[in-house]
Amino acid sequence: MNQILEKIEYDKILLLDSKIVELLKKEKELKYGKFLLNLRNKISKFFIPSEKDILERLDRLENLGYIENNNQTYKYID
């Protein structure tokens, strides 16, 4: 049972990462508030991520060089 829960959490992380990148690729640049609203709309049929989870994923994607954050404006790096 514990392994199943771990796999579900892992899948949620992958889904969240992919939807963040997909959204920023499409929109090019978004302020945090609008980004959060759009992301939650896109992902709500699967699950509702917490703001803490979203910020952790944004930070990780920024550290990996996929996105950049400039004064609460997120942008996909081509």
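Q: How many positive and negative side chains does the chain have, and how far apart do the centres of the two sets lie?

A: In such a count, Lys and Arg are positive and Asp and Glu negative, while His and the chain ends are not counted. Each charge is placed at NZ of Lys, CZ of Arg, CG of Asp or CD of Glu. Here the chain carries 15 positive and 14 negative side chains, with the centres of the two sets 5 Å apart. This is a predicted model, in which local features need pLDDT of at least 70 and side-chain atom pairs count only at pLDDT 80 or more, whereas totals for chains, interfaces and linings use all residues. Residues are numbered from 1 along each chain as its sequence is written, and side-chain values use heavy atoms, with hydrogens and water left out.

Q: Which pattern does the chain follow along the sequence?

A: Helices (H or I, at least four residues) and strands (E, at least two) are DSSP runs numbered from the N terminus. The chain has 3 helices and 3 strands, arranged in the order α-β-α-α-β-β.

Q: What radius of gyration does the chain have, and what would a compact globule have?

A: The radius is taken over C-alpha atoms, and the globule rule is 2.2 Å times the number of residues to the power 0.38. For 78 residues the rule gives a value near 12 Å, and the 13 Å of the chain agrees with this. Along the principal axes, the C-alpha atoms fill a box of roughly 40 × 25 × 20 Å.

Q: Which residues of the largest nonpolar core touch the most other members?

A: A nonpolar core is a set of buried Ala, Val, Leu, Ile, Met, Phe, Trp, Tyr and Cys residues joined through side-chain atoms within 4.5 Å. Buried means under 20% relative accessible area, exposed over 50%, and partly exposed in between (1.4 Å probe, protein chains only). Of the 18 residues in this core, those touching the most other members are Ile-20, Leu-24, Phe-35, Leu-39, Ile-54, Leu-58 and Ile-67. Two or more core residues come from each of α1 (2-27), α2 (32-43), α3 (51-64) and β3 (73-76).

Q: Is Arg-57 buried or exposed, and which residues does Arg-57 contact?

A: Contact means heavy atoms within 4.5 Å. Arg-57 lies in helix α3 and counts as buried, because its relative accessibility is 12%. Apart from neighbours within four places in sequence, Arg-57 is in contact with Ile-13, Leu-16, Asp-17 and Ile-20.

Q: Is Asn-63 buried or exposed?

A: Asn-63, also in helix α3, is exposed, because its relative accessible area is 60%.
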